[in-house]
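Please open the structure in a viewer and follow the stops below in order.

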Amino acid sequence: MKKVLNRTFLLVLVLTLSFASLVNAEVVEVEFWHGFSGARLEVLEKIVADFNALNPKQQIRTMLYGTYEEGLARFLAAHPVKQEPALIGLYEGAMGAIHDSGMIIPAYQIPEKVGVEWDFGQYVRPIVTYYSRDGNLWSWPMASSTAMIYYNADHLREAGLDPDSPPTSWDELHEYGLALIEAGVVKHALAFGWPDWMFENQLALHNLEYCNEGNGREGHPTEVSWPNEFTDKLLTKWGDMAADGVWTYGGVEYDANGAFQSGELTFLMQSTSSLDGILRTVGDDFEVRTTFLPRLSEEYTRGNTLIGGSSLYVSNQATQEELEVIFEFYKYLARPEVDIYWHQNTGYFPSTNAALQRLMDGGWFTESRNHLTAFLQILSGKTDSHAAAGMKLGMFVQAREWNRDAIEKVSRGEDQRKALQYSADQVNKLLAEYNEFIQN
Amino acid sequence: MDRFPKHRVLPYGLIFPSISIIAIFLIYPFGQAIYQSFHRINPVRRQLVNVGWRNYVDMFQSSEYLNSFRNSFIFGVIVIGLGLAISLGIALLTTQRIRGAAIYQIAFIWTYAMSPIIAGVMWSLMFDPSIGLMTHVVGNLTGYWINFFNDTVAAFILVSVASIWVMLGYNITFFVAGLQNVPHELREAASIDGANTWQVFWIITFPMLSPTVVFLLFVNTIYAFFQSFGLIDVITMGGPSRATEFLIYKIYRDGFGRMQEGQAAAQSVVLFIIIAIVGAIQIYTSTRSAVYER
């Protein structure tokens, strides 16, 4: 009896296994690594689940890789041993290194590889410009953001300031801050997240390049442009604001959001991707408004703010079947309703012009005008200069770290020129080493 | 000497799983680290370039590394010295014959049950420059407003205090256990002979506690140099201006963030040597002075 049972069991096992492998043979599952943590994760999971429900044979499996930095390091380490995912979302800081790596298929070649034509004109222009190389799109737009000012309109009213005319320049921001502190509304008026990115944004906003070789878009940069006359003025301003208590250093990433949300600060400079989180947390506690980043002085021409967030890259080791799934997923992301869902729940820009129009026609931007601010800011900016398009360099992570180091010193009252020069020297050394590697 | 007659192969078979795990997960990666420490890895194209001793030479010439080295040692001394002293003090107090001693013991011990991530989030919220409860308490009492986001000294102190706090429960547990093993008669006899509390502690209790102290010294050294990683990552991420970028955190940043794996490998080899030397000295000197006899 026992023997018979054993045999039956074995038979069932063999049958199940062979059946399972038969079914599996038809399903193509694409691994997708991403860095969308927090509230954004649920939104992404919903989009992927809906996509997977469309066609059981084409599946995307998501995996959160941790921070953006870790994501880049992991991809670069996994690719040579063929353990990398076919699809990965990486941040703007990864662009230089990943373009140089030769491990990806440039985005513009993907439609061709699956045998279709695709109109890249349907995507919002500044996003395409940012992720392009020699006029071709290298990574697929998905989660684009830029920086803007969030402000507490109630605070401005309390201090007798007009919430309809928020500061437009650093001088005005400084004055407003002093007035708010004097009126006893806040102890500090301003903080920002991603200080290094804010510095980069200020350069781009004044149409100034960050590094040579056409801001890194025409070749591998050999040195950074700072310190210069502009950064002298900007960092002196920041130093003065810190000395007056107007600006308080708000940490590396999103630490300052908490202070803004609890009404301890009037102004917050942060990525648009924080918008929905902030609106949800603040609720009816006070009126959140948003406006464009401040300018330093009109003696510099206008540029644009920088695109941040992440975009999608495809490994050059992906199979043809995987490519087809990925392209289906890309097409799915471009559907206006999906794009709109993503935008409305994360604060990232809609990527396509069709979604944009539908949002406008449906009255979304009048209903939630804070969702329009950053978008209008970037659409109204310049797109035809390397400075406004944003810089590209291979050792981005370290460049940022050194830049941040200088900003931290300025916030502590140290000499800005000395601090920035020291950081620039370190970055230039790193650029030289990187270029040496690239040429070998 | 044949300890297992008739079983020549079996003993090797039995230890094989543990040995192979050690070989695969400890010895092989360590060999890899040594190999990588003599190379630089092209961050984007992954070729290895042999650079000889350059990683080591650069390391000891880099002011960032020397800075990290110095800070790690100050941090180690604070966390180990102050941490052990405070926990011994608390353990002594909670083993006194007082009402509810057990409750106090548990109350002090539970900090160890908390994950470093939770502890880190708790401390960084408590001292958040804008919304931190303790920031406001300290600020209103003294007029000094702590901002550990950009104040290097504040960040250093915060990380040290949090690290000591996390380890308190563990240290107290062992001290309490050690103290309960000190025979009561000995202390009583000394008191009758006219020794005051301080003398009883130094002459009777502390020497009898020395095996515990030796053990905790070693565990806390490992903690301060390696396991403090989680707290640092949550509270300061090595900042501001690298003030809390201790050796172990710098290795992580260089290897996995800054894409300088060769340099990180060289640092990890150096860190290993330092810890091995410190550990050996500690065990050697303290096992000789510790009293194991009862």
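The term pLDDT denotes the predictor's confidence in each residue, on a scale from 0 to 100. This is a predicted model, in which local features need pLDDT of at least 70 and side-chain atom pairs count only at pLDDT 80 or more, while totals for chains, interfaces and linings use all residues. Residues are numbered from 1 along each chain as its sequence is written, and chains are lettered from A, with ligands numbered from 1, in the order in which they are written.

**Stop 1: confidence.** Colour chain A by pLDDT; its mean is 91, and 94% of its residues reach 70 or more. Then select residues 2-26 of chain A, helix H1, which has the lowest mean pLDDT among the elements of the chain, 58. Helix H8 of chain A, residues 170-182, has the highest, 97. Helices (H or I, at least four residues) and strands (E, at least two) are DSSP runs, numbered from the N terminus.

**Stop 2: the whole of chain A.** Display chain A as a cartoon to see 21 helices and 12 strands. Its radius of gyration, taken over C-alpha atoms, is 24 Å, close to the 22 Å that the globule rule (2.2 Å times the number of residues to the power 0.38) gives for 440 residues, so chain A is as compact as a globular protein of that length. Along the principal axes, the C-alpha trace of chain A spans about 90 × 55 × 45 Å.

**Stop 3: two domains.** Select residues 28-145 and 308-362 of chain A for domain 1, then 147-306 and 392-439 for domain 2; these bounds come from an automatic or database domain assignment. The C-alpha centres of domain 1 and domain 2 of chain A lie 28 Å apart. Their contact (C-beta atoms, placed from the backbone, within 7 Å) takes 15 residues from domain 1 of chain A and 18 residues from domain 2 of chain A. On the domain 1 side, H4, strand E12 (308-315) and helix H15 (336-346) of chain A each supply at least two residues. H4(A) gives the most to that side, with four residues.

**Stop 4: the meeting with chain B.** Which chain contributes 30 residues, and which 20? Chain A has 30 residues in contact with 20 residues of chain B. Now select helices H3 (68-78), H4 (95-101), H12 (255-261) and H20 (396-411) of chain A, the elements that give two or more residues to the side touching chain B. H20(A) provides the largest share of that side, six residues.

Technical notes:
Two residues are in contact if their C-beta atoms, placed from the backbone, lie within 7 Å.
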